[in-house]
Each structure stands twice: as structure tokens, then as C-alpha cells.
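Reader: I would like to go through this model by question and answer. Please keep to what can be computed from the atoms or read from the record.

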Amino acid sequence: MKSAERKALISLAVVVVLGVLLAVAGSQGGATLAGVPLFALGVAGAFVVQWLAFIPAFKAQTEKYYDFTGALTYITITVLLVLLTPGVDARGFLLAAMVVAWAARLGSFLFLRVRKAGKDDRFDEIKPSFLRFFNTWTTQGLWVAFTAAAAWIAITSANRVSLDWWALVGLIIWAVGFGTEAVADNQKRKFKADPANKGKFISTGLWSKSRHPNYFGEIVTWVGVAIIAVPTLEGWQWVALISPVFVALLLIKASGIPLLEKKADSTWGGQPDYEEYKRTTPVLIPKLG
């Protein structure tokens, strides 16, 4: 077995184990269906959707529907949990609406971007390998489950709490994050669509305040969701707070900022205007003024 495939196999095992641990911890005190915790079913469903989508994707050697499948998983599992959980309250419906709105916007944006580009070059070396490509889809299942954990646990929790100041504060924070991410994505889309900007980097609008304002918005979005979920959490359900931490670590340390910074440096590194942009613009948290 090649080194890359051996690493993929190990990663696959770790991802599945983490998914199982999350399912067990988050299910404490939650609603059940035929004796099976609904939260656990939701986590399992997140993986199953990816595995089903992987089959035609591997056969066609395409990643065009990868991001779309991720967004569809958020929406599908969230809606099913609302429908299957008895006595969902206003907090649960609010969280569900927030997750669905975020997933629908980002999913459609990413899908259209990949369709226009024709491919996502992150997958060029991975697609030919069954194990590595399968691991990528499985990891997306864990990504969905970890990210949505706070909302899903609160939706399925037996501990019902009326809307309060936690909900208000969380909603405001979520709205700021959602708006920031949406505006930043739209600004970059328009920038790239202008032929005059071909080969250039964006440094206007929110991108003049942060080199990755869309990622900042995404992190803030899930912080808002977690805050709304807090009053419902008991015992092992506090694992829900891993949601915004996971999103932040993923974007700051793993597949987000490091990859884009490396790509940008290889493209514009050494250019005076780019080096000045890097020197004066924060990586993530927008500067004021």
C-alpha cells in the first residue's frame, strides 16, 4: 500500500471514530426514534449521504457536486431532525432556519463557482485513488456533523428553554457573520467576473479589511448558533460547543487559510502591491477604520 493511501486509511479510521464519539456524547438526554437517539441518527445520516454521493462521483471522476452535497446534507438532516423530534420549540425552529439559510446560500455559491471553473484543483491528485477520494467524502460527513452539532443537539434535546437573551445575542452575532460572509463572497465573485481584474488579487471592500473576511464571517456565524444552543445543553451535550471551535480550527489551521495563503504567495509573492497588502491587512479579523 502506498504511503498516501496508508495515510488516507488511517485518517478514515480516525474520522469514523470521532463521528461515533460525537454521536454518543451529543445524544445524552435527547429524543429517540424506536429507541435510537435522533442526534446519533443525524450524525450517521451525514456520513451516509456522502457515501452515496461518492459512488457516482468516483465513477465519473468529478468533484463538481462535492460542495453541493455538503450543503444538501446540512439542509436534509436538519429538516429531518425537526420533523422527527417531538415538541420542537421556537429555539429549535430558529436554529434550523439559521442552518438551512446558511447552507443554502453557501452551497449554491460554491456549486456555481465550481461549475463555472469546470473543476476544483484541490481534487486533481485525489480523484484517481478510491481510498483517498472516499476519505475526502467521509471527512465532509464529519465536517457537517461537527459544524452543525450545536444546532442538532439543541433541536433534539429534551431540555426545552424559551427564547431568551441568549437567543437574541446569538441571532445578532449570527446575522453579522452571515452578512459578512455573503457580502465578501459576492464582492470576490464580482471582482473575478471583471476581465480587467484577470490575474489580480482583490483588495477592495471587505477584502481591504481582512485577507479572508468570508472565513471570519463563517466562524462568527457558528459562534452565534452555539450561543443560542447553550441554554439547552446538559451533561455530555456540552460537546456541542465543539462546533465553532472546529470551524475555526479547520479554516485557520487546515483546509482554509493556509492553502489559500500558500497559493496567493506562489502567484503574487514578491510583487510590491501584494506584499504591502499582506503587511497592512490582517489575515482574519477585520481591521477597524
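This is a predicted model: local features need pLDDT of at least 70, side-chain atom pairs count only at pLDDT 80 or more; totals for chains, interfaces and linings use all residues.

Reader: How far apart are the end C-alpha atoms of residues 90-112?

Author: Another listed span, residues 65-84, is 95% helix and 0% strand, with its end C-alpha atoms 27 Å apart. Residues 90-112 are 100% helix and 0% strand. Their end C-alpha atoms lie at a separation of 33 Å.

Reader: Over which ring does the charged end of Arg105 sit?

Author: A charge counts as over a ring only if it is within 6 Å of the ring centre and within 35 degrees of the ring normal. The charged end of Arg105 is 5.9 Å from the centre in question. The ring is that of Phe109.

Reader: What kind of aromatic pair do Phe54 and Phe134 form?

Author: The count of aromatic pairs is 21. For Phe54 and Phe134 the centres are 5.2 Å apart and the planes make an angle of 70°. Phe54 lies in helix α2 (residues 38-60) and Phe134 in helix α5 (residues 130-156), 80 residues apart. Planes over 60 degrees apart put a pair in one class, and this pair is edge-to-face.

Reader: Is Phe54 buried or exposed?

Author: Buried means under 20% relative accessible area. Phe134 has 18% and therefore counts as buried. Phe54 has 3%, so Phe54 is also buried.

Notes:
Residues are numbered from 1 along each chain as its sequence is written. Side-chain values use heavy atoms; hydrogens and water are left out. Helices (H or I, at least four residues) and strands (E, at least two) are DSSP runs, numbered from the N terminus. Rings of Phe, Tyr and Trp (its six-membered ring) pair if their centres lie within 6.5 Å; planes under 30 degrees apart count as stacked, over 60 as edge-to-face and the rest as tilted. Buried means under 20% relative accessible area, exposed over 50%, partly exposed in between (1.4 Å probe, protein chains only).
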